[in-house]
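Please have a look at it first.

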Protein chains: 2
Amino acid sequence: MLPPGFAADVEQIVGADFVKQDPASLEAYGTDARKLGHPADLVVLPAFTAEVAAIAETCNARRVPLVVRGGGTGYTGGAVPVHGGVVLSLERMNRILEIDEANLLAVVEPNVITGVLQAEVERRGLFYPPDPASLDESVIGGNVAECAGGPRAFKYGTTRRYVLGLEAVLPTGEVIRTGSKTVKHVVGYDLTQLLVGSEGTLAIITQVVLRLVPKPPVQATLRATFAGIEEAVGAVDELLGARVVPATLELIDQSCLEAVSAYLNASLAPPGTGALLLIEVDGFSEAVEEEVRRVTAACRAAGATEVLRAADDAERRELWRVRREVSPSLRMLAPTKFNHDLVVPRGRVPQLFGLVDRVRGQFGLRISCFGHAGDGNIHVNIMADPSNPDEIARVQAAERMLFEGVVALEGSLSGEHGIGFVKAPYLGIELSPEEIALMKRVKQAFDPNGILNPGKIFPEQA
Amino acid sequence: MLPPGFAADVEQIVGADFVKQDPASLEAYGTDARKLGHPADLVVLPAFTAEVAAIAETCNARRVPLVVRGGGTGYTGGAVPVHGGVVLSLERMNRILEIDEANLLAVVEPNVITGVLQAEVERRGLFYPPDPASLDESVIGGNVAECAGGPRAFKYGTTRRYVLGLEAVLPTGEVIRTGSKTVKHVVGYDLTQLLVGSEGTLAIITQVVLRLVPKPPVQATLRATFAGIEEAVGAVDELLGARVVPATLELIDQSCLEAVSAYLNASLAPPGTGALLLIEVDGFSEAVEEEVRRVTAACRAAGATEVLRAADDAERRELWRVRREVSPSLRMLAPTKFNHDLVVPRGRVPQLFGLVDRVRGQFGLRISCFGHAGDGNIHVNIMADPSNPDEIARVQAAERMLFEGVVALEGSLSGEHGIGFVKAPYLGIELSPEEIALMKRVKQAFDPNGILNPGKIFPEQA
């Protein structure tokens, strides 16, 4: 419930055309990619930082929850208004303001679609590496708020590495600028890096200064197949031992391969394949050839059953097809995919797969894994039917066992998706009470009245 | 003045052998590389995190200022106890705990000397890129606290990029762990990145998890000479246009070259040289050759008077000699070097040199510049005699003009050295009152009683 007169105050700020209160909108703006949401009480579409600031000030003064929405592609409910209130969608703030080739940077509004920015900078011979799977729909602001990763993070790092500066609105309405247009900057605390990955709980990002790099002139794509996960991970060890840093090192397990075969009614890998690596290297032509040689040798040394190299773009797309088909295939297995982005130190990926095997056996669940082998970041998908309460109870027990297991392996609950409200109850598995208390004091420093994206990251009091 | 019984309490924690109160120690532990200090009231040398925690708790309970000291090589007084109190030197916590080749990481205590760690990891074919000029004396903990940079930051990034996780002691005595051993990690706020560059004002770093990369197998060193700064910067433009990312792009101006010639009584560059670039590229052999070709072509296109390539390590050292001799040469010009690490967006380096020319003319000061052309991070050294009050007044006016000038160029007061107490009075030139107030609230979240490294970063109230 909004306070009396509140909607009119918000209409004063942005104009009545940009305030929505119809039930369909309140519902639609209250969900994310996980499809589990909570309706907003009001949706507002500001176009300028000053409007965002005025909305924040109004929400803060009236103690109305304020939740920022970018592309709405999150998996952990970061943009879901679990306590109701205002959803502030940044969809009208979607311009590329500047691509500065001389200084290798771009200045963008938050709702520029990541893939659109990539295409624009690549036309100029530049490169914005972060490539979350959602890049055709997700937006830079959301990528920054969640610290999006993707396959290329092994060589190029996650979104964090490319954010030089931000303009942001505090929940109390002040506009701040953090960082600068320079790569080196040590003036006061690094609020830029603190805001990256803060899941929209500290400030509303209204402008982003991104670092760009030169686009690698040449790229090569290889697919190596193995009898099992251990051999595939062994190839990653060999390859790092040969001091190669591939741009991409994607791992797909047998369960995913079986799902794809069933879905397409055709196998995309040779018979007997228990695991598959998609490997891309990039750089100058001569270096790429050298890396391809080393990658091929590493895969063969680890017992690869086949190593293929794409001769052209069509073949590249064909090699990647198995990866693209994983998600739709898994969706055929069960109505809901409980998609966990677990991460362990790279060398412990075999132990993570061992853990998944134990969980699978103990709870009788269908679990399929794929992910970023170079980062130790594996997407562990538990396929289940939410209309089956017994199965859901087993999913929840399995999740807890997985989370405790990765922390015991010195890994982490989340490498890419963040905590949102979905993983908030489990935060204490990874962080100590002192660490959580400190983070809450940091939250308080930004948001004294707790109006911005309440119910996220931290476990709610019972 | 310490509270009664305080020294005895501290001796209880670490043993009397590791507490110093003699005047020579209080003086020595109260200065840094700038040689302007303030004596400590007590120096303590803990060996374990638990001891550090107990010292913090005691200082916090008695409201005694606590200042952490690493290598003591800072330029802005970050380790200077300007309000007296305890200096906690981490010199006994100097072990490399782990170099994990499989996971490409190292775990170290804070006082491992940066150069020592580099040598250890390079023996294993790995690489820790950050290379502050002080690397033979400065330590990882200090590098993390200041977010140290160095010549290789253009290609490899600053210290920030390599810090995966920390163990730290809060000023109130709690021990926290931040980050993890994984490259991707999005669980709660990124306190790791917040602590990097926080200049010892938020927490005491007691352990560091560092990311390593494969050591580039081949390196090439080139020296290009130019008639002036504009031509040299033009070469950097050309080179980036050719999509080369050198590891190192060091620029030395005419004033530095003249100082070196006077000091050595011999010129290290051809007659007529107004600016010099030292360029290093690294990677696989074939790629290095391609980059050398592109760098050479770029320098020639920009009007280089000479481009030399080192044939071996001895020649490499000879080409770098001019850079190494700059600091000792400048010290001959005047007793004090006011060394400012200004930074502007890379393409605005010519405007920064224009600003320096105007300042030089207006205040009649000797100013010599060198630095990291790829980062836009230029060390602007004002040479002056502190016994001449008129000259010092001109230095101060010149500093303000420089700081205001770089901010107008969308640059920053500090790219490498931090704010400490030396630049604290100027913080408001770059940050707004709202931004400073927010940072102070963050400080409060970590250090409610303001005991940790007081008098740093923020301007002190009059």
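Predicted model: local features only at pLDDT ≥ 70, side-chain atom pairs only at ≥ 80, totals over all residues.

Let me begin in chain B, where 7 strands form an open sheet in the order 15-12-14-13-17-18-16, with antiparallel pairing. Its edge strands, each of which pairs on one side only, are strand 15 (306-309) and strand 16 (336-343) of chain B, and from one strand to the next the twist averages 15 degrees.

Residues are numbered from 1 along each chain as its sequence is written, chains are lettered from A and ligands numbered from 1 in the order in which they are written, and side-chain values use heavy atoms, with hydrogens and water left out. The pLDDT is the predictor's confidence in each residue, from 0 to 100; for chain A its mean is 96, and 100% of the residues reach 70 or more. For the complex, the predictor gives an ipTM of 0.96 and a pTM of 0.97.

Back in the chain B sheet, strand 12 (residues 218-226) and strand 14 (residues 275-283) of chain B pair in the antiparallel sense over 9 bridges, and B:Ala224 has B:Leu277 in strand 14 as its bridge partner. Helix 10 (residues 285-301) of chain B packs on this sheet, touching strand 12, strand 14 and strand 15 of chain B, and its direction makes about 160 degrees with that of strand 14. Contact here means heavy atoms within 4.5 Å, and the angles, which run from 0 to 180 degrees, are taken between N-to-C directions of axes fitted to C-alpha atoms, for helices over the stretch in contact. Helix 13 (residues 389-408) of chain B also packs on the sheet, touching strand 16 and strand 18 (377-384) of chain B, at about 10 degrees to the direction of strand 16.

Which strands of chain B form a hairpin with 4 residues between them? They are strand 5 and strand 6 of chain B, and in their hairpin B:Leu104 takes a positive phi near 55 degrees. Strand 5 (residues 96-100) and strand 6 (residues 105-108) of chain B pair in the antiparallel sense over 4 bridges, with B:Glu98 opposite B:Val107.

Turning to chain A, we find an open sheet of 4 strands in the order 1-2-4-3, with mixed pairing. Strand 1 (19-20) and strand 3 (66-69) of chain A are its edge strands. Strand 2 (residues 42-44) and strand 4 (residues 86-89) of chain A pair in the parallel sense over 3 bridges, and A:Leu42 stands opposite A:Val86 in strand 4.

How values were computed
Pairing = 2+ DSSP bridges. Helix = DSSP H or I, 4+ residues; strand = E, 2+ residues; numbered from the N terminus.
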